[in-house]
Amino acid sequence: MKNLLISILAFFILALLALGIGLNHSLAYVLIVIVPYAAFAILLTGFVYRIIKWGSAPVPFRIPSTCGQGKSLPWIKTNPVENPSGAWGVIGRMAQEIFLFRSLFRNTDVAIVDERPVYGSAKWLWFCGLLFHWSFAIIVLRHLRFFVEPIAPWIGALSALDGFFEIGIPTLYLSDAAILVGLTFLFLRRVVVPQVRYISLFTDYFSLLLIAGVVTTGLLTRHFFPADLNAAKTLAMGWVTFSPVVPQGISLVFYMHLCFVFVLLVWFPASKLMHAGGIFLSPTRNLASNNRGKRHVNPWNAPVKVHTYEEYEDEFRDKMKASGLPVEKE
Amino acid sequence: MSFAKIPKPDQLIKIRYAPPETAWMDTSVDFRPGTWSYSGAAKNLTYLDLPNPRAWQPADEDWKLPDNWQAIILEGMKERLEKYRSFRLFMDVCVRCGACADKCHFYIGSGDPKNMPVLRAELLRSVYRRYFTTSGKRFGRLAGARDLTVDVLKEWFYYFYQCTECRRCSVFCPFGIDQAEITMMGRELLNLVGCNINWVIEPAANCFRTGNHLGIQPGGIKDMLEFMADDIEDRTGIRVNVPINKKGADILFVTPSGDYFADPGTFTCMGYLMLFHEIGLNYTFSTYASEGGNFGLFTSAEMVKRLNAKIYAEAKRLGVKWILGGECGHMWRVIHQYMGTMNGPADFLQEPVSPITGTRFENARSTKMVHITEFTADLIRNGKLKLDPQRNDHIRLTFHDSCNPARAMGLFEEPRYIIQKTCNHFFEMAGDTIREKTLCCGAGAGLGNDENMETRMRGGMPRAMAVKKVVERHDVNRLGCICAIDRATLTSLMDYWVPGVTVMGVHELLANALVMTGEKERTTDLRGEPLVGC
């Protein structure tokens, strides 16, 4: 509970700071010209650093968790994805994990009913998790339209598809609605479910709140305090071409949006959000279960003290002979 | 087996899943009798050259730790973070989504939040953050970090010896975080300061010296196998050979020592003997490598290697072509995922080929060790065995997938194929409790001792209740498995939760049904129980 309160407090302080920066035009230069590059640099170097740090540790043993029939006799039907025996299976398994959250889809819950545990389907976490991550990805991709000129056709198509139902003016993007649903579920679940609240740390709440801050200010900018799209594009193109200028007529909410985004970029590599990179490296998922067929080499495999047969026979020779068991030395 | 000291089932099943009022970092461990295992005896640590041998018990106030124990643990942690990507990654990548929480049989059976895999891992992660991450060093508890104190060490001991390394959580984790891996690291660290349990360390010491966990000496093994041959002769009229330490055999057979030692494992072992006799296999047991299981797995990677080394060494000494392994759970985790890496390459052996069917076991071409159910399923498939499943008509069977063959190999269909060919009454348990989702016996990873009985009965409860369901629905009276620890521990578990259900290995089932050349008319099964319907 304490972690929750501190996270909410931290978020509000951050929001107030963002508000202050937005109101204080003398800080606009810093926010527009210096902070974006610094934040992006931190994101990139931080991300790469974390991946290298994980990746530099060796994988001494091949330890996949197998979730289907393994490859053995030719007439036994195998599950080449859940229990891969080669590279293609691993690629399929990882793709399922990364794009579809395969393992989370297995989720069940348990309750003691009539003095026995009953397992129920519990797909909401999977569904809302997937909703959140996919809409987040779509939103990030849609934003590329500010950063490239001319706008690549696929970005336009993605935006058009995302706004397919043409609800309201400007059109409400489905991904915007979806991410709100996803975020709300993930946050409420953390707060409401006693077990999840019990295990939650500051970083768990704060990461959600921070992303919610980005999303909310983004939506406000689009639907309630419309920003000058040309000014936004000029701003973004200024960054991309390394000639940033402070545009005129940028709203307070938009400044807050930028503040939250920059904080997120910095927070990302330093926090739990790095699971986005870590998932690729998980040895229980990204290795084939072909250990008996293909030897895995441990780079630090070292000799150990063993009890040799000679030592064994020396101790038990008389007993072995008495039992009529063959021995090496009489 | 006595359940006198633990609550009755109707009391034990009253489980509350609500976490306590105090935060987990402020809730200290209560070493309640029945929920922990006795410490490793000094003589066993000494025999294995393990640090800090002494007389102590977990319930003692003073654990007699070395003065610099914190430095030892932190240095050990640093070393392991550099040696294992799994450890480093699993310390960082968890998002605490909680999907693993109610997948752990110990959590389902106890409601203790520190039995949620995520929190069991946080016990270690909190210390990792405090000493190995910038945020943890700077922000302490706000970053989920805490100091390494004696209380923390005691908590590690309690909960890392309350995890059976079954890997069920890793199946459900979106990042594949494997609590078994974290528990293994935690136990390695505890071992650095001499904190381990006797039920693990004594079998390991025995195995190092005598070749098997139970400390059976060469003559004892021979006697036990000869006794079984007597029993087989009594049931079938056929005298089977018991080849031991035989040079020039084609195949070295290695099985867990639980199979020679006590019922119902011995019936499974009789099954192997009858099968090998019937097909005329040129094989041998070994007294030096008389253990398939490996309690090193519950100690440290180094100990796994020290104990496992005997199998290849013995195969080389005896000059066999390849190795066949009996029914066992964690043994097969070691054989499948560690043996080739640790003690290979086994280039002095040949690629396994069944001498009876000519089938080449390509999946084992590097490690050169074949699982007995792969071997037997292939025999049946090729029509090499004459089977009379009616002889198992008194058995109404369900099948428990043992954790390691399930989640570290994916060995699901081989045992089921044998069951279907040898038994007319087979009923699966509920889908959420079998195959990769199988529930642990609650007593693996060295926890199958009597002093730990309450934890065992709690941890095994989900498995037992799944059995109870098929008992009520299909009158099931027998629980099949392919694991020696299961055969021992599920027996107690059934006695407590589902009285009337007995436990058997798949090769006992096979041997009941196996029509042997020249046998007398069978009137009983291997246990001496009368046959029906024949």
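Colleague: How many residues of domain 1 of chain B are in contact with domain 2 of chain B?

Modeller: This is a predicted model. The domain assignment of chain B gives domain 1 as 9-30 + 51-195 and domain 2 as 204-513. Domain 2 of chain B brings 23 residues to the contact. From domain 1 of chain B the number is 19.

Colleague: Which helix gives the most to the side of domain 1 of chain B that touches domain 2 of chain B?

Modeller: At least two residues each come from α1 (9-12), α5 (105-110), α9 (168-172) and α10 (179-192) of chain B. By class, that side of domain 1 has 8 nonpolar, 6 polar and 5 charged residues. The most, 5 residues, is given by α5(B).

Colleague: Which residues have the most contacts inside the largest nonpolar core?

Modeller: The largest nonpolar core has 196 residues. Domain 1 and domain 2 of chain B each supply at least three residues to this core. A second, separate core of 33 residues includes A:Phe132, A:Phe202, A:Phe262 and B:Ala143. In the largest core, the residues with the most contacts are B:Ala204, B:Ile251, B:Leu273, B:Ile323, B:Val467 and B:Met494.

Colleague: B:Ala204 is on that list. Which residues does B:Ala204 touch, leaving out those up to four places away in sequence?

Modeller: B:Ala204 belongs to the core of 196 residues. With residues up to four places away in sequence not counted, its contacts are B:Leu48, B:Phe295, B:Gly296, B:Thr299, B:Met303 and B:Leu307.

Colleague: Which residue in β4(B) does B:Leu324 stand opposite?

Modeller: Strand β1 (residues 251-254) of chain B and β3(B) pair in the parallel sense over 4 bridges, and B:Phe253 stands opposite B:Leu324 there. β3(B) also pairs with strand β4 (residues 369-371) of chain B, in the parallel sense over 3 bridges. In β4(B), the residue opposite B:Leu324 is B:Val370.

Colleague: Why is chain A described as more spread out than a compact globule?

Modeller: Chain A has 13 helices and 2 strands. For 330 residues the globule rule gives 20 Å, and chain A is well over that, so it is more spread out than a compact globule. Its C-alpha trace spans about 100 × 55 × 45 Å along the principal axes. The radius of gyration behind the description is 28 Å.

Colleague: How many residues of chain A are in contact with chain B?

Modeller: Chain B contributes 94 residues to the contact. Of these, 7 come from helix α15 (residues 301-318) of chain B, the largest share. The side of chain B that touches chain A divides into 44 nonpolar, 20 polar and 30 charged residues. On chain A the count is 79.

Colleague: Why does A:Arg106 count as buried, and which residues of chain B does A:Arg106 touch?

Modeller: A:Arg106 is found in the loop between α4 (102-105) and β1 (108-113) of chain A. A:Arg106 counts as buried because 21 C-beta neighbours lie inside 10 Å, where 20 or more are needed. Its contacts, not counting residues up to four places away in sequence, are B:Val171 and B:Phe172.

Methods:
Residues numbered from 1 in each chain as written. Chains lettered and ligands numbered in written order. Predicted model: local features only at pLDDT ≥ 70, side-chain atom pairs only at ≥ 80, totals over all residues. Contact = placed C-beta atoms within 7 Å. Nonpolar A, V, L, I, M, F, W, Y, C, P; charged D, E, K, R; others polar. Buried ≥ 20, exposed ≤ 12 C-beta atoms within 10 Å, placed from the backbone. Domains from an automatic or database assignment. Rg over C-alpha atoms; globule rule 2.2 N^0.38 Å. Core = buried A, V, L, I, M, F, W, Y, C linked by C-beta atoms within 7 Å. Pairing = 2+ DSSP bridges.
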